[in-house]
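The report below goes through some local backbone features, a sheet and the surroundings of a ligand. Please read it alongside the sequence and the structure.

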Amino acid sequence: MSQVVDLYSEPHVPLIAIVGRPNVGKSALFNRLTRTRAALVEDLPGTTRDRNYGELDWNGRRLRAVDTGGLLGEEPEEIGLLVQDAVKRAIEEADILLFVVDGVDGPTEPDYEIAAMLRRIAQPLIVVANKGDVKQASERLDEFYALGFGTARFVSAIHGNGVADLLDEICEVVAETPIEERKEERKINIAIVGRPNVGKSSLVNAILGEQRTIVSSIPGTTRDAIDTYFVFEGHEMVLVDTAGIRRRGRVERGVERHSVQRADRAIERADVVFLLIDQGELLTAQDTHIAGYVQKNARGLILVVNKWDLAEERSERHNVVRQVDHRYRFVPWAPVMLTSTVTSEGVRDLLELAVHVAAVREHRIPTAELNRVIRKAVTSHSPPTMRHKRLKVLYATQAEVAPPTFVLFVNDTSLVHFSYRRYLENQLREAFELDGTGIRMIFRNRSEDRVEVSV
Ligand code: GDP
């Protein structure tokens with residue numbers, strides 16, 4: 001007979017991940033923290049003797065710790081492997097990170113490299129300056145501020161100084177952080193699309209040229225798609241199907257069609273789409289198919305006017321933005337950016353905007369607020385009657401994020417006129433600042449669904 005184990009009935013024991021470059025004293029700190037319990041764990045038959053994980057008690061509070069150094073080995077060249085699977089998993093699982101540095105050495109280049117990688121981690125982090133018992137250490141504490149995680153705390157892993165205070169602080173932090181906030185941030189998928197020669201592959205290069213952190217190629221979902229992964233200001237990003245962008249050459253019959261399909265696939269996988277438009281072809285080229293497809297799939301969209309360095313009237317920014325806005329007026333929520341991949345003008349801003357749009361897509365609106373806005377919208381502009389019947393919006397709820405998806409329960413979906421739908425959409429966008437992304441609005445008959453609503 002099989003036994004059903006309910007993993008979720010176990011109380012959550014917060015996990016402390018100890019990270020840092022080799023030889024700063026990670027395992028000494030790990031041993032110090034877990035000292036009381038390590039022997040006990042070893043003695044129990046059947047317990048996994050994973051020496052990198054340990055348990056501890058602090059004033060009756062159960063905690064776990066993991067020494068990521070033990071997962072890696074302590075070879076200096078392995079610092080770059082901090083992102084290795086085992087370490088990555090340990091960090092993802094952790095509720096709090098201790099970033100251990102050497103209090104005597106002060107911050108070193110490898111510490112800065114690790115700091116850059118840790119910046120994308122959502123969990124709370126404490127910089128722990130070890131070897132605090134050594135006299136010279138006391139003069140360096142302020143220098144660790146430069147790592148970007150606030151003031152460091154001194155400890156001596158060997159002698160135990162400062163460890164009690166550190167544990168107090170850890171307990172305070174893990175007690176305060178709600179579970180939702182600990183979730184790892186999602187990667188932001190970006191599709192770069194547009195007509196041949198607008199500068200798509202140049203933009204890929206300009207973006208990657210800006211980055212000093214990890215860049216790697218990962219296989220995409222389709223067989224020959226290659227995605228490129230990078231970190232921008234602490235945000236993990238993926239350029240979707242960079243192989244499709246880089247594929248150059250003459251456009252032959254059938255190829256154009258193929259590349260359109262390819263762009264569609266990329267859009268479907270994207271959180272944010274960069275639709276590139278050549279500043280010299282503003283009035284001639286039509287990319288409305290692409291923008292329409294983005295809209296249909298409720299993805300984020302940024303209209304990127306590229307080759308801005310070649311513009312004759314660079315002072316005419318407003319004019320250009322207005323023209324683009326007009327051409328793409330069916331996606332009025334899509335912002336316009338001006339870029340040059342040659343001078344890099346606007347490239348950083350574009351990525352920052354993408355981060356913003358991705359965050360908008362993750363936004364969760366409390367049901368009560370949502371209904372307040374819908375009610376107000378309906379009151380100030382009531383739906384027109386159709387066939388002597390009037391649409392009634394009974395109740396709304398946000399069913400999903402990314403894309404933001406709203407379900408509106410109504411008396412009769414056949415009474416939802418296109419223009420009234422657009423009106424409600426605009427009201428939602430305005431009230432909740434839903435800019436830069438397509439949203440979904442699904443209308444349902446309340447009686448059909450037999451929902452019982454309690455507000
Ligand atoms: P793709 O077909 O969309 O990938 O376009 P490419 O990136 O290959 O660029 C097409 C041509 O435009 C190349 O000769 C680029 O050097 C040039 N180009 C791309 N971006 C810019 C830009 O911002 N300014 C200027 N002046 N030229 C650009």
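In which loop does A298 lie? A298 belongs to the loop between α10 (288-296) and β12 (300-306), where helices (H or I, at least four residues) and strands (E, at least two) are DSSP runs numbered from the N terminus. Although A298 is not a glycine, its phi is positive, at about 55 degrees.

This is a predicted model, in which local features need pLDDT of at least 70 and side-chain atom pairs count only at pLDDT 80 or more, while totals for chains, interfaces and linings use all residues. Residues are numbered from 1 along each chain as its sequence is written, and side-chain values use heavy atoms, with hydrogens and water left out.

A further backbone feature concerns P403, which is placed in the loop between β16 (393-400) and β17 (405-410); the peptide bond leading from A402 to P403 is cis, with omega near 0 degrees.

An open sheet is formed by six strands in the order β2-β3-β1-β4-β5-β6, with mixed pairing, two strands being paired if DSSP finds at least two bridges between them. At its edges are β2 (53-58) and β6 (153-154), each of which pairs on one side only. Strand β1 (residues 15-19) pairs with strand β3 (residues 61-67) in the parallel sense over four bridges, and within this part of the sheet L15 stands opposite R64 in β3. Helix α4 (residues 109-118) packs on the sheet and touches β1, β4 (96-102) and β5 (125-130), contact meaning heavy atoms within 4.5 Å. The direction of α4 makes about 170 degrees with that of β4; axes are lines fitted to C-alpha atoms, for helices over the stretch in contact, and angles run from 0 to 180 degrees between N-to-C directions.

The ligand is surrounded by 16 residues, of which N197, K200, S202, D309 and T341 are the closest; a residue is counted if one of its heavy atoms lies within 4 Å. This shell divides into four nonpolar, seven polar and five charged residues, with Gly counted among the polar ones. Helix α7 (residues 200-210) gives the most to the shell, with three residues.

| Residue | Protein atom | Distance to a ligand oxygen atom |
|---|---|---|
| N197 | backbone N or O | 2.8 Å |
| G199 | polar backbone atom | 3.0 Å |
| S202 | side-chain N or O | 2.5 Å |

Of the 580 Å² of accessible area that the ligand has on its own, the protein covers 76%, with areas taken from the Shrake-Rupley method with a 1.4 Å probe.

Conventions
Polar contact = N/O pair within 3.5 Å; in protein donor to acceptor, adjacent residues only side chain to side chain.
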